[in-house]
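My plan is to look things up piece by piece and jot down what I find.

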Amino acid sequence: MEANWTYPQQSIGEDLYRFISELYPICRSITGEGARETLRLIGKRIPLEIHEVPSGAQVFDWVVPKEWNIKDAYIKSPQGERVVDFRNSNLHVINYSIPVHRKISRDELKKHLFAMPEHPDWIPYRTAYYKEDWGFCLTHNQLLALNEDEYEVCIDATLEPGSLSYGECYLTGQTTDEVLITTHICHPSLCNDNLSGIAVTTLLASLLSGFQLRYSYRFLFIPATIGSITWLCRNESKLPNIKHGLVLTLLGDPGQSTYKKSRCGIAAIDRAAAHVLKHSGAAYSVVDFHPYGYDERQFCSPGFNLPVGCLMRTPNGCFPEYHSSADDLSFVQPEYLADSFSKCVSILYLLENNRSYLNKNPKCEPQLGKRGLYQMIGGAGDGGVDTVSLLWVLNLSDANHSLLDIAEKSNLDFRKIKNSADVLLGADLLEPIADEEHPIKRR
Amino acid sequence: MEANWTYPQQSIGEDLYRFISELYPICRSITGEGARETLRLIGKRIPLEIHEVPSGAQVFDWVVPKEWNIKDAYIKSPQGERVVDFRNSNLHVINYSIPVHRKISRDELKKHLFAMPEHPDWIPYRTAYYKEDWGFCLTHNQLLALNEDEYEVCIDATLEPGSLSYGECYLTGQTTDEVLITTHICHPSLCNDNLSGIAVTTLLASLLSGFQLRYSYRFLFIPATIGSITWLCRNESKLPNIKHGLVLTLLGDPGQSTYKKSRCGIAAIDRAAAHVLKHSGAAYSVVDFHPYGYDERQFCSPGFNLPVGCLMRTPNGCFPEYHSSADDLSFVQPEYLADSFSKCVSILYLLENNRSYLNKNPKCEPQLGKRGLYQMIGGAGDGGVDTVSLLWVLNLSDANHSLLDIAEKSNLDFRKIKNSADVLLGADLLEPIADEEHPIKRR
Amino acid sequence: MEANWTYPQQSIGEDLYRFISELYPICRSITGEGARETLRLIGKRIPLEIHEVPSGAQVFDWVVPKEWNIKDAYIKSPQGERVVDFRNSNLHVINYSIPVHRKISRDELKKHLFAMPEHPDWIPYRTAYYKEDWGFCLTHNQLLALNEDEYEVCIDATLEPGSLSYGECYLTGQTTDEVLITTHICHPSLCNDNLSGIAVTTLLASLLSGFQLRYSYRFLFIPATIGSITWLCRNESKLPNIKHGLVLTLLGDPGQSTYKKSRCGIAAIDRAAAHVLKHSGAAYSVVDFHPYGYDERQFCSPGFNLPVGCLMRTPNGCFPEYHSSADDLSFVQPEYLADSFSKCVSILYLLENNRSYLNKNPKCEPQLGKRGLYQMIGGAGDGGVDTVSLLWVLNLSDANHSLLDIAEKSNLDFRKIKNSADVLLGADLLEPIADEEHPIKRR
């Protein structure tokens, strides 16, 4: 099917939210059964290849860690009451805690406890990936209520040789040039960070799998940091194919959309994302690359310097619910998920359709009137073609300007420029320039 | 005579206004006797070659249309009263209306009538160049007063094979490099659009015809769109000579001056016009090129991409009187015409005098004091030379900076920089660089 | 001693002020004993080579003038009272006045008198270097009190063949590439202009003379204009060594720091000075080069175009005390002198330490945690290293970015970036790139 880029806009927000709800209870980590179960649920919706990389594998400067799994955990009072219970929230255990089961004095216990005094009802989210340590996270109110002298602590977890799991969905397009979309799957019950990214990425892959595409697309579902490092280490030969890339995360909160540029800063993906946000009709921000954040850190390391940006709403660390139990099913909403999805679709639509054309009548304007193209009135919004957009496309289709260049210079929405190019192609006033002839223009 | 660029500043506004008044009654169109009569009146003031291009001639994607002429037109009531009368205003007839003479019901008549309800006393200006249609324009009050059931309509016009007329005035300078000044002559009784352009262009040609000039100058008086297309089609071999170009229009209204850049955006004409407006002491605006407006559309089509900008005051469509009977002799004023003329002169003066020089004493400053050039006090305004302007010219005359470059970097008026260069030439501290040696510097 | 760039910050302001106080009484000029005495006092603090260039020597377009010396001067009333007395202030005599001793009518005298009516208690500072004239400067109140008909004027000065004196301090570094620091020594009892520049330059040379330095440093103590012209004329062969340069002047007033860029405008010195001022925590301004001001005029003349900027506080002519007796020991203060000194040190520190490094682990991030470098907390101020600064250095150490580039892109203080590079060098994650291999990076 030729890509017409339509999808059920009415229901997409609910679909995304439903998938998040399904994934929410699972206790994920950078390895283990939680990640595997998550990949299985993604694999129900899209064709997904699941890779297992054994513990101990060297990946650049890093080593794939032992696999962590957890069955249960609690802090029990002398009266036998579970005052902190993993079954209530998997955030209660510091992710990657080593197993422990013993009596412990309150004072010693407190060295292993973490709370958020500024939000006394929230449980913080903490990890101990490379430390071989253990601990509990709890609400500040729970912490204040610990007035017994001794407690029983139990973390029924295993940290043993196993493997790191990640999923990959590859859609073959007309060329081997590819668009990379990646999202992290290692966080436990946190909705915005990053079930929102998982859900949007999955449904994008599902939508695109029905299209005939110019680019090939690679969707990665990976644990943060170690996952992208592992994938990059095992796929160096494929990297030259990556022409555009996006890290997707934090897509369900009420904040405005934020695009963080790739390291290069002027890649096509940077211009495409900025264009879509600018013409979205809503407030947004575009920020420069910085070498901390999500997996763009690895894709944009100096040895690769890939054109990979990051689309999010409120950035990490900039909303109070970040990395806490308040990042729950009430924090993300279908309307924001749908809005983020729509922006992703617009960005990919732009990349797919950004080509250069040649005005076949470059000396003076062609007479639009005799072709019924003069004083056309554009439709509301961005899709309508009008005389002004036709004149822009004609004037700049000189082989030095892509449709995105024209959209930027004219300050018109890319879809309007693309539709205008289609009208002019139909009137035989334009001819396409093959990608191969203008590789430099593949911007 | 060596160009000293002086002209009677006191009377120029009245001269321009008088010429506009003379041209105002004529019913012009893109072809026909009105345009021819206009060219005859221009030809009384400057040496003008008049060209006739026959109807049916192919000019790029267009065809020169049949020639349109009109003698009379009216809408007559059953009582025999001319309720709309071409003799009162030639705007009453849609320009290029085909002949008609018959009785017509009011309802059918109304399909051929155009008014401006928001300005009930103004007649709109409309054309039907490539449609073979007819109609009348009238005031909204006239329209409301049409309460008879039937009217007699008469348009005593002809639309027959003939020719398109345009005028060309070429002034030979020291080089074949040329400056193109063009203005449209196709509008009937509208003063700002474009008798103001015709008058300013004519008097500029008249002024320059008395000078020894570096550049050759070509002044075109052409019907809009079809005229520039026709000229371009017949003169392709001359286009490489065009180094700078200006479309002149809308030069008599009270609004601030507006310069619309050429497609290239950084041509010498763009920098010259921006410099003159910046140093004019009045508010102004400089806008980017866009592919709609006046004949810069054709000169800046991608097949030519000539360095042609457009100087106007309030842009087309941005003043309520635009394309209506209110664009009359009261709307344009001598003072605004004189101001526009002065800015044109300054732009051309800058182009003529923009050269590069070489500081003959480039190591450290020369001792200005022993030459009587230290602590000179500049005159009021832009013309005075002072130590600061001398130091700027000395410091930047390194063969990499033209006088315009120096004026821009120093934020001093070009005339002051030019005068300073003359003083330094006189003191043998500067030597000119021949154009041919620095073609890239011909900016 | 390896340069650790520490100095007694507590006492530096007092040291600078004390040196200014010592130099204040001397009547300096562009030649003569005052300049020589000043150089002798500088030479007590740093190794200084003193040059004497004979009167009449041709230096480019200029000639070294006769030497001027003065013993006494006064205006005496008929009653024998010295109503204007050189012994009270050496500003009373126009610098370079020719000798005179005679009776003179009040009216004729007044042609030789200069005051500042807007500051009736201040004596202006005036010179007559190349005019062979004489005159007195006095307070406006003194001028008003001259009510005798006749006065005796005496200027016991000599203007005779001699020499022009300047001092040069050269510190040999690891390379012959050099940093030029220059200051003018020709003004008499004026503190900000320019005893502040002399004092800061002297103590900078004293500080650096104890360091092992990458660059060689040349400190010039020269009369303004004729001194820099003389030095440039006699040292043309050394100019290619000058990689960075600063003119130091006006460094003791309470105003904010101002950096005037070199003619090139994007030299390393321009970027270094702007960076230091931006991160100083105080208001500042950076202004473009203009060809008037101090000796940067000569160093930046088009025949040399050296990368020499000018650091000052309130620019010349922008404070009321400028070139008047009010530029005295109360106008400059130790705290402002210390602040200016500190900024100079920071700029030179930056130049010395601005190198390019290569990330030895360019594919993905190295695992900082196993090296104890993760979640380091930076110290207060600019010196602390933290994870963010380490990541910036790693991400941009690709041979295309110097440490200054990284500091600019990250918006972090250069010292923090430099310290981070040192930490990464220590962890074997970075390797230095030799200057010679990347001459273009010597920015």
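Is Arg87(B) buried, partly exposed or exposed? I looked it up: Arg87(B) has 57% relative accessibility, so it counts as exposed. My cut-offs are under 20% relative accessible area for buried, over 50% for exposed, and partly exposed in between, with a 1.4 Å probe and protein chains only.

A note on ground rules before going further. This is a predicted model, in which local features need pLDDT of at least 70 and side-chain atom pairs count only at pLDDT 80 or more, while totals for chains, interfaces and linings use all residues. Residues are numbered from 1 along each chain as its sequence is written, chains are lettered from A and ligands numbered from 1 in the order in which they are written, and side-chain values use heavy atoms, with hydrogens and water left out.

**Entry 1: salt bridges**

I stayed with Arg87(B) and found that its side chain meets that of Asp85(B) in a salt bridge (3.0 Å, N to O). The term stands for a side-chain nitrogen of Lys or Arg within 4 Å of a carboxyl oxygen of Asp or Glu. Asp85(B) is buried, at 7% relative accessible area.

How many salt bridges does the structure hold over all chains? I noted 84. One of them joins the side chains of Asp339(A) and Arg313(A) at 2.8 Å, N to O. Asp339(A) lies in helix H9 (residues 334-353) of chain A and Arg313(A) in the loop between strand S16 (308-312) and H9, so the pair ties together parts that are 26 residues apart in sequence. Helices (H or I, at least four residues) and strands (E, at least two) are DSSP runs, numbered from the N terminus. Asp339(A) is partly exposed at 27% relative accessibility, and Arg313(A) is buried at 5%.

Arg40(C) is partly exposed at 44%, and Glu37(C) is partly exposed at 29%.

Chain A gave me a network of salt bridges that links Glu33(A), Arg36(A), Glu37(A), Arg40(A), Glu52(A) and Glu67(A).

**Entry 2: a covered strand**

Next I turned to strand S16 (residues 308-312) of chain C, where 5 of its 5 residues are buried. On one side I saw Val308(C), Cys310(C) and Met312(C), and on the other Gly309(C) and Leu311(C).

What pairs with S16(C)? Strand S13 (residues 242-248) of chain C runs parallel to S16(C), with 4 bridges, and Leu246(C) stands opposite Gly309(C). Strand S14 (residues 257-260) of chain C pairs with S16(C) in the antiparallel sense over 3 bridges, with Tyr259(C) as the bridge partner of Leu311(C). Pairing requires that DSSP finds at least two bridges between two strands.

**Entry 3: where chain B meets chain C**

I finished at this interface, where the contact (heavy atoms within 4.5 Å) takes 19 residues from chain B and 19 residues from chain C. The rule finds 5 salt bridges across the interface. Asp61(C) and Arg371(B) meet through their side chains in a salt bridge of 2.7 Å, N to O. On the side of chain B that touches chain C, helix H10 (387-396) and strand S18 (398-402) of chain B each give two or more residues. H10(B) gives the largest share, 6 residues.
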